[in-house]
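Welcome! Here is a short briefing to read alongside the structure, taken topic by topic.

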Amino acid sequence: MKPMTNIFVLVGLLVVNPAVAAEGPLLLDNFWIRESPPASQVLAGYGRIHNSSSNPYVLTGATSETFNRIEIHRTTILADIVRMAPQHKILIKPGESLVFEPNSYHFMLLGPNSRLQAGDIVTLTLQFDNGVNQEVAMRVRSASEIEE
Amino acid sequence: MNRSNRSKIDLRTGINIAAVVAFAIVIASSLWWIPRQPHPPQLKQATRLPEPLLLPSFQLVDQHGAEFTRASLRKHWSLLFFGYTHCPDVCPTTMFTLQKTARQLHNTQLFGGAVQFVLVSVDPERDTPEHLARFVSYFNKDFIGITGAPQAIDDLTRQLGIMYARPEAPSSDNYLVDHSASILLVDPQARFYAVFSPPHLAGNLASDLKKLSNYYAQTL
């Protein structure tokens, strides 16, 4: 394949699937937000961050113009009790992934500035302790799109 | 051999045959009867209570503001889940699993007809009936959400071993509530009948519920 075609394929992929961003040493994929009932003031976002570099990365937070505030939480279910604990620093070792998924790590998205519906795209900026800020596009998915 | 001897032998043979026939009838009927004793179902996810436990009386309101009491749980199977609408992760995940369960049970004949799906709020300060209405109907228009005074919720949860903890003095309006993850199955006599522990899968919930309903009908 010619280099030019490669670029078109890459651009095409980004347009078709905005949840995939492959920039730099961090690979971000399957970033999505669960569509929530009307008037919900709290939503959850998920995705996978893979550290393909040889340095550790520490996720310290996330921001977005779409939400008043974003917290990173981890759900645990222990002895039948569901608990959510805020996470302030999460280490991602070289070659390892951090997976945000239902009933585990999630971005708690507080105070959306409009009602988000399936298909909407929201941009989040992930913040790391080495000063790296990485943007990621998250697609809002309805319940029927989400497999159990 | 004279006549009386022969009749004695005939009599003895007759008695023997009768005994064998009687024995065969006993064996056959026991074989007939044993499989008809209902066997407790083999369940994928649920744990059935050895003795169903009548729910305590309680007084809450549903998402339309109508009274919801123990009597509201009679005549149908009900699945009770404890959660709150400001919970972004586990509660919508479970509500979605219940939505799928409802869909899978759609054409199933269960004792008492359609299953009631009930979200019991463990955050009554924020979960008004109006708020619950928007939340539960998003998942299924027939789902029920119930709320009420904290004391009234405790009346229901305490006896069922359901735990939840609200912060004493929340610093913001976005406080979190720890709560039980289990889904309780309540039978058509308003008795706590079985519990589904996490992780919850719609297919397991639906198939266990069918088995439990059949078993319940056989043991009435």
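What radius of gyration does chain B have, and what would a compact globule of 220 residues have? Chain B has 27 Å, whereas such a globule would have a value near 17 Å; the radius is taken over C-alpha atoms, and the globule rule is 2.2 Å times the number of residues to the power 0.38.

Please keep in mind that this is a predicted model, in which local features need pLDDT of at least 70, side-chain atom pairs count only at pLDDT 80 or more, and totals for chains, interfaces and linings use all residues. Residues are numbered from 1 along each chain as its sequence is written, while chains are lettered from A and ligands numbered from 1 in the order in which they are written.

**Chain B overall**

- Along the principal axes, the C-alpha atoms of chain B fill a box of roughly 110 × 30 × 30 Å.
- Chain B holds five helices and ten strands; these are DSSP runs numbered from the N terminus, with helices being H or I of at least four residues and strands E of at least two.
- Of its 220 residues, 40% count as buried (20 or more other C-beta atoms within 10 Å of the residue's own; exposed means 12 or fewer, partly exposed is in between, and C-beta atoms are placed from the backbone).
- Among contacts in chain B with a separation of 6 or more, 75% come from residues 24 or more positions apart (a contact means C-beta atoms, placed from the backbone, within 7 Å).

**The sheet of chain B**

- Eight strands of chain B form an open sheet with mixed pairing, in the order β1-β10-β9-β4-β5-β6-β2-β3; two strands pair if DSSP finds at least two bridges between them.
- β1 (46–54) and β3 (67–69) of chain B stand at the edges with a single partner strand each, so one side of each has no neighbour in the sheet.
- From one strand to the next, the twist averages 30 degrees (axes are lines fitted to C-alpha atoms, for helices over the stretch in contact, and angles run from 0 to 180 degrees between N-to-C directions).
- β1(B) runs antiparallel to β10 (residues 191–196) of chain B, and five bridges join them. B:Leu53 has B:Phe192 in β10(B) as its bridge partner.

**Helices of chain B**

- Helix α2 (residues 90–104) of chain B packs on the sheet, touching β4 (78–83) and β5 (116–121) of chain B, and its direction makes about 165 degrees with that of β4(B).
- Helix α4 (residues 150–160) of chain B also packs on the sheet, where the strands it touches include β2 (59–62) and β9 (183–186) of chain B. The direction of α4(B) makes about 110 degrees with that of β2(B).
- The buried residues of α5(B) include B:Leu205, B:Leu209, B:Leu212 and B:Tyr216. Their cover includes β1, α2, β9 and β10 of chain B.

**Where chains A and B meet**

- The contact takes 25 residues from chain B and 24 residues from chain A.
- On the side of chain B that touches chain A, α2(B) gives the largest share, seven residues.
- Strand β6 (residues 81–86) of chain A runs antiparallel to β8(B), and two bridges join them. Here A:Ile81 stands opposite B:Ser180.

- A:Trp32 lies in strand β2 (residues 26–34) of chain A.
- A:Trp32 counts as partly exposed because it has 19 C-beta neighbours inside 10 Å.

Methods. Two residues are in contact if their C-beta atoms, placed from the backbone, lie within 7 Å.
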